[in-house]
Amino acid sequence: MPPRGGYCLLLLVALCVFVSGHSTFPTLDHIKPRASDKEQSKAVVELLRRLLGNRSAEFMVSVNRSLSNDTLDVCELRSTKNNKVVATGSSGVAVASGIYNYLKYFCNCHVSWSGDQLDLPSPLPKLTGVLRINTPHRFRYYQNVCTFSYSSVWWDWPRWEREIDWMALNGINLPLAFTGQEALWQEVYRALGLNQSEIEEFFSGPAFLAWNRMANMFEFGGPLPQSWHVNQLLLQVKILERMRSFGMVPVLPAFSGNIPKGILRLYPEANVTRLGPWAQFNCSFSCAYILDPRDKLFLRIGSLYLSQVVKQFGTDHIYNTDTFNEMTPPSSDPVYLSAISRSVFASMTAVDPQAIWLMQGWLFFSDSAFWKPPQIQALLRGVPLGRMIVLDLFAETEPIFSYTQSFYGQPFIWCMLHNFGGNSGFFGTVESINSGPFKALQFPNSTMVGIGMTPEGIEQNPAMYELMSELAWRKEPVNLAKWASLYAVRRYGRMQDNLTAAWRLLFSSVYNCTVPHYRNHNHSPLVRRPSLRMNTGRWYDPQDLCKAWKLLMDAAPSLMSKETFRYDLVDVTRQVLQDLTTSFYQDIADAFVNQKLPELLTAGGVLVYDLLPELDRLLSSDRNFLLGTWLERARSLALDEKEAQLYDMNARNQLTLWGPSGEILDYASKEWGGLMEDYYTQRWGLFVQTLVECLDSGRPFKQDTFNQAVFQVEKGFIYNGRKYPTKPKGDTYEIAYRIFLKYYPQALKRL
């Protein structure tokens with residue numbers, strides 16, 4: 001075991017006192033925890049009990065908001081003579097994150113989506129003097145409107161409870177709280193006079209609600225059962241109660257102008273625009289109806305809805321809505337754009353005079369041809385300065401603040417987006433996130449008020465999220481190699497040279513994408529529809545990955561009892577096999593182009609009959625990589641078989657076709673046991689078989705013809721009715737070792 005105190009104290013000094021450099025906004029002064037200090041203390045005590053069991057009694061917790069005199073969170077920790085640790089903080093979140101820093105750097109403990117490592121030393125390591133940690137960031141924001149569809153759509157309360165605990169430990173105080181909003185919309189639409197079929201034709205199915213809410217699509221995957229509304233409403237009440245108990249400020253939904261078609265029947269004179277199609281959808285499920293915010297009906301609907309939100313959910317005064325998300329406005333006239341944002345904000349202040357509008361800045365990046373500085377300034381300045389907070393959503397790669405004079409004076413939060421579609425696969429931009437937030441704070445006249453994490457999907461790359469949340473409490477960038485080494489120590493609970501070396505390699509390769517404007521969609525041929533023109537690019541040297549794989553395999557025998565290690569061994573092996581798939585694909589394509597049938601049969605045979613089945617067996621051996629869990633969670637929310645089938649279709653379609661006909665095909669790909677066997681492997685099998693037949697008969701390969709055939713395979717998976725295992729099968733070490741013996745020499749040669 002490593003020494004318990006030596007290097008840790010030095011590290012925590014780096015987390016300590018510094019002076020805030022950000023702008024202060026009196027307009028945000030009323031944004032504060034609703035729960036009393038006592039309630040917040042109780043919430044942290046209960047979190048520690050869930051996390052540490054009986055050992056939680058060794059921590060004495062108290063919240064005292066007067067500890068902070070400038071709304072910036074602070075926590076102080078000290079040891080008592082009888083080996084307890086006293087933690088006092090300005091909020092429940094401050095105390096929880098202070099204790100987690102102590103657990104990480106003094107006890108070598110770790111909490112993550114993919115397992116915990118909580119071998120707590122006894123007695124608890126002593127602190128000499130007072131350890132004080134604080135943050136320069138008023139807000140630490142978490143989640144993306146898409147996360148509710150890609151990750152948490154099927155969650156029950158125990159899973160939500162676990163996530164909110166994770167948020168508190170990682171310092172999150174501004175979480176998005178979007179669950180259950182359709183139940184309130186249904187009440188509003190009924191009050192306006194819509195009939196049930198008009199409402200049902202509007203809401204999409206559960207797996208697609210994020211894009212229904214943003215006016216991208218409607219109806220597909222629906223109708224939403226009434227039991228869904230009841231379940232989600234009850235869940236939201238619990239979620240909000242728990243978030244607030246820690247002193248968090250949940251962000252609630254507001255009206256953007258997205259309306260059901262039925263509104264036109266009731267209000268034929270309303271100023272409504274029908275948008276063009278979104279993504280590859282046609283107008284049967286896309287081309288939403290948008291009510292002009294300047295129309296008096298907008299104020300009426302927006303006020304009706306927000307009144308319901310405040311009545312049912314209470315309020316902490318911050319609301320999110322996004323106009324024109326991935327949709328081009330009908331006019332670029334700055335006067336029009338200012339009027340739009342002014343009217344949207346007016347529908348909030350009509351209900352809550354203290355409202356703050358939290359807006360995603362994604363539109364400025366995704367439609368940069370439209371959003372030039374005059375248009376951005378007009379939209380932002382339609383709202384009084386300080387009454388809007390902009391999420392610089394993809395700031396690690398495409399920062400907006402730097403060319404908009406810090407969002408023209410509106411407060412903003414520097415966010416790491418990191419993941420699209422909840423894809424599997426290693427990815428990170430460690431150098432960018434390690435410097436970006438600090439540069440943004442030093443930017444001339446910076447209006448930065450927080451740091452955020454806005455992944456489209458979670459439960460992947462836990463190291464990136466631990467680093468990012470920790471940076472919110474740092475006064476300067478970390479030494480990345482040192483941070484990676486210490487991460488390995490606490491993730492596995494032991495100091496071992498090959499483990500720290502493996503993580504340093506990962507941090508300098510797969511986790512350090514420096515390609516300008518790179519978006520982390522998993523482009524690997526493995527999870528894409530096969531063709532002869534596939535993306536085979538990488539941002540890292542795969543030999544670094546191979547070295548890390550060998551280091552982990554060498555350490556594996558004595559570490560297989562640790563869930564965190566098993567997960568990482570599966571994940572690294574999966575990534576190597578993903579890279580090898582690219583190599584075999586290139587052999588397949590070359591053999592076909594050069595009309596070499598034996599080479600085509602060899603490469604195709606290895607891929608389809610050995611590599612991919614082995615990968616499926618590996619993934620199926622770990623509970624974190626099971627398709628069955630995703631499907632079982634979906635079905636468990638149903639009241640009857642009809643609902644279960646609807647949810648099952650939603651869950652499968654999102655991962656694969658993403659639409660009735662593959663409109664956003666494979667955007668939300670996952671490398672999971674079951675999915676690998678019955679979806680990806682089947683596609684590759686058909687591709688190789690088709691190429692062989694083409695060479696045999698002298699016919700050219702026609703992509704369109706193949707697409708039609710492979711679409712039947714893809715659609716067939718969605719409706720195959722197969723029940724997939726929800727429990728892991730097989731010995732992870734045996735499977736990984738067999739794969740290593742077979743494919744490590746191949747990887748050295750090919751990658």
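Predicted model: local features only at pLDDT ≥ 70, side-chain atom pairs only at ≥ 80, totals over all residues.
Residues are numbered from 1 along each chain as its sequence is written, and side-chain values use heavy atoms, with hydrogens and water left out.

**Backbone entries**

I looked up another cis peptide bond, which joins S122 and P123 with omega at about -5°; P123 sits in the loop between β5 (115–117) and β6 (131–134). I then turned to H317, which has a positive phi of about 80° although it is not a glycine, and I placed H317 in the loop between α11 (296–313) and β13 (318–320).

**Whole chain**

I recorded 27 helices and 17 strands in the chain. The radius of gyration (taken over C-alpha atoms) is 26 Å, close to the 27 Å that the globule rule gives for 751 residues, so the chain is as compact as a globular protein of that length. The globule rule here is 2.2 Å times the number of residues to the power 0.38. I also noted that the C-alpha trace spans about 75 × 75 × 50 Å along its principal axes.

**Annotated domains**

I kept in mind that UniProt positions are given in the numbering used here, that feature names are shortened, and that annotations may be inferred rather than shown by experiment.

- In an unreviewed UniProt entry, "domain: Alpha-N-acetylglucosaminidase N-terminal" covers residues 43–125; I found this span to be 29% helix and 27% strand, with its end C-alpha atoms 24 Å apart.
- The UniProt annotation "domain: Alpha-N-acetylglucosaminidase tim-barrel" (unreviewed entry) runs over residues 140–475, a span that is 41% helix and 12% strand and whose end C-alpha atoms lie 15 Å apart.
- UniProt (unreviewed entry) puts "domain: Alpha-N-acetylglucosaminidase C-terminal" at residues 483–741, where I read 63% helix and 0% strand, with 31 Å between the end C-alpha atoms.

**Helix pairs**

For the angles I used axes that are lines fitted to C-alpha atoms, for helices over the stretch in contact, with angles running from 0 to 180 degrees between N-to-C directions.

The contact (heavy atoms within 4.5 Å) is made by Y585, I588, A591 and F592 of α21 and W684, F687, V688, L691, C694 and L695 of α25.

I then took helix α18 (residues 480–492) and helix α19 (residues 497–508), which pack at an angle of about 130° with their axes 8 Å apart; α18 and α19 are therefore oblique to each other. Among the residues that meet here are W483 and Y487 in α18 and W503 and R504 in α19.

How values were computed:
Helix = DSSP H or I, 4+ residues; strand = E, 2+ residues; numbered from the N terminus. Parallel < 35°, antiparallel > 145°, perpendicular 65-115°, else oblique.
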